[in-house]
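I opened this entry to keep a record of what I looked up and in what order.

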Amino acid sequence: MSQQQSDTSHTRRLARRLPLVGAAAAGSVLLLAGPAFAHVSVQPSGTAAKGGYATVNFKVPNEKDDASTVKLEVTLPTDHPLASVMPQPVPGWKISVTKAKLPKPIEMEGEKITEAPSKITWTADGKGVEPGQFQQFPLSVGQLPKDTDQVVFKALQTYDNKEVVRWIEPTKEGAPEPENPAPVLKLSAAEEDGHGAAGADEKSGTTTGMKATAATADASGSDTTARVLGAVGIVVGIIGVGFGVFAGRRRSA
């Protein structure tokens, strides 16, 4: 076999192997990334600003292949109590709110608050969160603290086989993530109106949107003008060529 034939054969074998290698690598990435998506977490559905109100979602994935999640218990922080907590109804789940007396009363909108919600419990009426699924549990909370950049919750996830996963471990800066990290809500800078940055974002978004629309309209107008002028130039050019040909024939005649 010639060297050229040998090289061609090697190239073909390599080309056949590449998809298999790529698939194996992608599978490894998915396997490594899988556990990261299995944590119970809390995320804002809008802006969670210091001193404001926000709607947050506790996202609960089912990390078991042979059991369903049938209960979620979220313990609210005591160092930064949340006086206003309203759960949104979730089909197929019962909700109970537990309150507790505060060690130190807090003032909220001119009123002295002596107790606040301390735990929210969601219990499944039916099958719960089955394997391969996740469920979100929305809460309206406020007022969020002004003197911290985050609010830490603790969550217990109970399966129908009686197993309980305790998502309560604190995440320390610069340290590896713990096996069962507690859900953490990140807070943004406070706004003057005390109701979060949504209003400012909406205004900014509206202004930006208007500018973008105007710019798009200008660009569209300029493009249309350019096309019209180009078409006129082509027509004039055709007329000029036709006139030149006609004039040349007359002179020849």
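The notes below go through my look-ups one topic at a time.

**Entry 1, salt bridges.** I began by noting that this is a predicted model, and then I asked how many salt bridges the structure holds. I found three salt bridges.

I looked up K50 and D149, whose side chains meet in a salt bridge with an N to O distance of 2.6 Å. This pair links distant parts of the chain, since K50 is in the loop between β1 (41-44) and β2 (54-61) while D149 is in the loop between β7 (134-142) and β8 (150-152), 99 residues apart.

I turned next to E163, which forms a salt bridge with K64, and wrote down 2.9 Å between the closest N and O atoms. Here too the pair links distant parts of the chain, with E163 in the loop between β9 and β10 (164-167) and K64 in the loop between β2 and β3 (69-75), 99 residues apart. For E163 I noted a relative accessible area of 32%, so I listed E163 as partly exposed.

The last pair I looked up was E73 and K119, whose side chains meet in a salt bridge at 3.5 Å, N to O. Because E73 lies in strand β3 and K119 in strand β6 (residues 111-124), this pair ties together parts that are 46 residues apart in sequence. I noted E73 as buried at 17% relative accessibility, whereas K119, at 26%, counts as partly exposed.

Is Q157 buried or exposed? I found 0% relative accessibility, so Q157 counts as buried. Q157 lies in strand β9 (residues 154-159), and I traced its side chain to the backbone oxygen of P61, which it reaches at 3.1 Å. Leaving aside residues up to four places away in sequence, I listed the residues that Q157 touches, among them V40, V60, P61, N62, T69 and K71, as well as E163, V164 and W167. I marked E163 in that list, as E163 is also the salt-bridge partner of K64.

I then looked for the residues joined by a cis peptide bond and found G142 and Q143, with omega about -20 degrees; Q143 lies in the loop between β7 and β8. I also noted K162, which has a positive phi of about 75 degrees although it is not a glycine.

Notes:
Residues numbered from 1 in each chain as written. Predicted model: local features only at pLDDT ≥ 70, side-chain atom pairs only at ≥ 80, totals over all residues. Heavy atoms only, no water. Helix = DSSP H or I, 4+ residues; strand = E, 2+ residues; numbered from the N terminus. Buried < 20%, exposed > 50% of the residue type's maximum accessible area, 1.4 Å probe, protein only. Polar contact = N/O pair within 3.5 Å; in protein donor to acceptor, adjacent residues only side chain to side chain. Contact = heavy atoms within 4.5 Å. Salt bridge = Lys/Arg side-chain N within 4 Å of Asp/Glu carboxyl O.
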